[in-house]
Amino acid sequence: MAAHSQWSRERNLSTGRSAAGRLRILESLENDLAETDVLLAALQHAVADLGGLGGMVHLRGPGPDARIGLRLIVSSGVPRAFAQAWLEVRGDQAVAPALAVRENAFVWLPGPESDPRHGFGGETPGPKAPPSLPEVTGMAAVPLLGPNGPLGTLTVLTMAPGRPNPGHRAFLEAVGEWTARRLRRSAAITAETAATWVQPQPTGPSPQQALNAVRMGTYDWDIRTGQVSFSDTTLDLFGITPESFDSRIESWTALVHPDDLPRVVAESDRIVRTRGAGESEYRVCRPDGTQRWVQSRGQVVVGEDGEPRHVIGTVWDTTETHAAMESVGRALRHMSDGFLAVGGDWRIIFVNVEAERLIGSSLELVGRPLWDVPAVREVPGLEARCRRAATDGTPASLDIRWPQNDRWYHLRLVPVPNGLTFYFTDFTDKRQRAAELAAAQHAAAERAARIGELTLALAQAVTSQDVVTAVAERVLPPFGATGLIVLTLEIDRMHVVGSVGYPPEFLEKVHGTPLHGLPPVADALRTGTPRFSSSREELFTWYPLLTDLVDTVPQEAWALLPLIASGQPVGVCVISFDQPRSLGEEERTLLTALSGLVAQALERARLYDAEHTRARALQQGLLPRELPTLPAVDAAARYLAAGQGLDVGGDWYDVIPLSGDRVALVIGDVMGHGLSEAATMGRLRTAVRTLSDLELPPDEILGRLNDIVSDLGDDFYATFLYAVYDPTSRICSLALAGHPPPAVVRPDGTVSFPALTPNPPLGTADPPFDTADLEIPEGSLLVLYTDGLIESKIRDIDRGMEHLAQTLTSVQRVGGTGDLDRLCDTLSRTLLPAQQQSSDDAALLIARTHWLTPDNVASWSLPDAPQAAGQAREHIREQLATWHLDELVMTTELLASELVSNVIRHAKGPMKLRLLRSRTLICEVSDGSLTTPHIRRASDTDEGGRGLQLVAALSQRWGTRFTPDGKCIWTEQALT
């Protein structure tokens, strides 16, 4: 404590100049110091300038408990018990460190004379009350500011009476700013990093600060009096105590090693003479007989008269650094490469053992100019290269042949401060292996060429059969093989994908065989390694049970290559030879490498096959399985897939029966190929059937479909044609969206394409859609198709339509339109010859129209009055008697009465009754209202509400459709 009092008295002299000098000392500290080093250096200078007892540095701590705001990181000059009490400071306490963080400013609080149980500020800082420090008059704290607020605080325990003067406060704030700036530059200080720092370990009985890993102390040398004062750490570094040190400069220099003393004295004289700063490194001979390396840095502080007054500075332990350097020297001394170092004057300063073998003993070389060494002079151009590397300051390398031993060395020249280093690496053996390496590279190039050819072929393979073909063409000829079988593993059974050179009887035996039934195959897949058999005898020795199976084939030697893809067994590739054959190591390595490529290609092809099969099945499932047999039309259709290698498309067709013997003919094309397009096609087909059940006209159906396609996104659009044929009027009402018009083949053989308004495709159109009504003669053909049938890469759509018309005319001329299925085949073969030029799928729908003759149609107008039901029954009795359908009179009368009564009660006229005799008896009642009747459940007490239930019970089908003038309610009854 006396030492600190002396320090305080001395530091009050020339306060301003001393503070400036201390800041210069701090600024001169190394940039790579650790955070704890920075904190300790700043704390010691702050304590020294304020003449305090000691100090502490707290950083904001982590943890969910918000009350723990600060944690002690380093301390100096305080007793152990005091430091332990200040390990954690809550952020809400009225103590100097916490207030400095909260107020973000300098804080000084008086000491605890009134109540020693309390901390500075009147509140207990920790779990236990700190010990009383009667010499301390207060605490001065400044925040360490970070980018997002205070990082922590730096606190000094003051001993002077009253608040620190403005000069001391300004210095403390400057030290806080410097400390925070260094912390921000060296590392991002957060609560997490603070939590990882080791808490300070106070010394034993001494009330001075703990010695930390840095062991950095301070000193102050009064030049006029020759007195010098040391901090606790400095005293400990020198191995002396405050009691044993008399504060004379001579006592300090007596501790310096005699060999280092002249250099230290010269450096001290220099900084005093120049009034500047300097540093030196020397050994300290401690009183206990040990030696330590220390480095000292000092700064001259001048007085008011401009003359040097003090030298203040820092000193820290560098013993471990010297030990590390000695360790590095030993490592360099015995490393396998030769190492040589020269100074700036080109004199040799270090030679390791390996370099001694080349240029001589280190005892003879160290201190000698490099160019005086005979072995070095004999290397042509070496001196020039060395001098150029030193001048440029960039590393260089060269290969040299050493004259003394005729061996080759790779020499690296690495410039270092004030010198150059040499690394010698012997690579003679590597040069001698050059021929072997060239041969190996040539062999590898040949293998790479073969693998490249097969890789290209496998990359172009789409199906599993394509993979088999690629292997047969690219692998069998180079090896002279004659047989090939590619097997896949599917649920513990082997399936033949393809083969070359094996009889069908053998393949039938192998196909579907359990894995354990083919032991060589099972072993190859189980171990993941190829199996090679050079002859039948060798194979039978390993697998005697295969004798009967192998005797049926002509092959004499085999290579079984397991096909492993993504770590999973895919199958086995069996390559066979018609003569006994022992494969060399290189051939086996190549086959093993090729098997990996085949496995990947086969797995990819199997996935393609499976996906393509599922897509085809999905598309076929979405298309009609068979077309309905209807009175109004006879129909036949075809779906024509695109060429091989392309995915499924979205073309579809449908024939939908409507009420009144009418029929809807549908064809469409979702643009694109793939599962999503096929799925979209299925959604549209389902929507069309649903909308057709509502008996909507063609233009409204296209409008609803356009909304559906638009909701699918911008990437979806489709062409569509919807036609409704009425056999009673022979009128075909149709609307299309971006679709080619149908071909109409009349009975006289003429073929025409109706001139229809070309509405945009679904998804891009803007309703309403235009509708056209065509009168179709009896026995005419309606040919509906998608663009894939008439358009290709070499034929535009106009030429395609011309070709279709010519084909239809030719077939009609020879009477080939009678069989619609045969006509579909003829058009497919003619327009798409073997699908060689088709890049799109196509759909074709042909319908022959029929007419419901007037003698099978009867209609009457009915009054909008109650007597209309009676008139309807009378008309029905007369007409059914004419049609010889007397057994249906009672049921039809009852149905008509209910329908007419429903119109009288709930609708409005004009009212019409129509009977159609087709494959069923159709009864229709029309009115001018748009209200749609619905069946409802009537309770036991209701007097009405059961009419439609009766209609549904008596008829085979019933429904409602809208007409241009209102609606029509219809029923169908089976003809007995």
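The legends below accompany close-up views of a predicted protein model.

Residues are numbered from 1 along each chain as its sequence is written. Because the model is predicted, local features are reported at a pLDDT of at least 70 and side-chain atom pairs count only at pLDDT 80 or more, while totals for chains, interfaces and linings use all residues, and side-chain values rest on heavy atoms, with hydrogens and water left out.

**View 1. Confidence along the chain.** The mean pLDDT of the protein, where pLDDT is the predictor's confidence in each residue from 0 to 100, is 82, and 87% of the residues reach 70 or more. Residues 122–130 stay under 50 in pLDDT, and the model gives them 30 contacts beyond four places in sequence, a contact being heavy atoms within 4.5 Å. The stretch 187–214 also has a pLDDT below 50, with 62 contacts in the model beyond near neighbours in sequence. Where pLDDT is low, the predicted coordinates should not be read in detail.

View 2. Helices (H or I, at least four residues) and strands (E, at least two) are DSSP runs numbered from the N terminus, and two strands are said to pair if DSSP finds at least two bridges between them. The strand order in this open sheet is S24-S25-S26-S27-S30, and the pairing is antiparallel. Strand S24 (649–657) and strand S30 (772–775) stand at the edges with a single partner strand each, so one side of each has no neighbour in the sheet. From one strand to the next the twist averages 15°, with axes taken as lines fitted to C-alpha atoms (for helices over the stretch in contact) and angles running from 0 to 180 degrees between N-to-C directions. Helix H25 (residues 675–693) packs on the sheet and touches S24, strand S25 (663–673) and S26, its direction making about 20° with that of S24. Within the sheet, strand S26 (residues 718–726) and strand S27 (residues 731–737) are joined in the antiparallel sense by seven bridges, and aspartate 726 stands opposite isoleucine 731 in S27.

View 3. Helix H15 (residues 382–392) has Leu382, Cys386 and Ala389 among its buried residues, where buried means under 20% relative accessible area, exposed over 50%, and partly exposed in between (1.4 Å probe, protein chains only). These three cover an arc of only 65° around the axis, which puts them on the same side of H15; the arc is that of the directions from the helix axis to the C-beta atoms. An α-helix has 3.6 residues a turn, so residues three or four places apart point the same way. The buried residues of H15 pack against helix H14 (374–377), strand S14 (396–402), strand S15 (407–416) and strand S16 (419–426). Thr391 and Asp392 are exposed on the face turned away from the buried side of H15, and the helix is followed by glycine 393, whose phi is positive, near 75°.

**View 4. Strand S22 and its two antiparallel partners.** Strand S22 (residues 568–577) is mostly covered, with eight of its 10 residues buried. Strand S17 (residues 483–490) pairs with S22 in the antiparallel sense over six bridges, and here valine 486 has cysteine 573 of S22 as its bridge partner. Strand S21 (residues 557–565) runs antiparallel to S22 and is joined to it by nine bridges, with leucine 560 opposite valine 574 in S22. S21 and S22 form a hairpin with two residues between them, and serine 566 in the turn has a positive phi of about 55°.

**View 5. Selected salt bridges.** With a salt bridge taken as a side-chain nitrogen of Lys or Arg within 4 Å of a carboxyl oxygen of Asp or Glu, the count comes to 39 salt bridges. Glutamate 924 and arginine 961 meet in one of them, at 3.1 Å from N to O. Glutamate 924 lies in strand S35 (residues 920–927) and arginine 961 in strand S36 (residues 957–963), so the pair ties together parts that are 37 residues apart in sequence. Glutamate 924 is buried at 3% relative accessibility, and arginine 961 is buried with a relative accessible area of 9%. In another salt bridge, the closest N and O atoms of arginine 224 and aspartate 222 are 3.9 Å apart; arginine 224 counts as exposed at 53% relative accessibility, whereas aspartate 222 is buried at 11%. Elsewhere, Asp259, Asp260, Arg263 and Arg283 are linked in a network of salt bridges.
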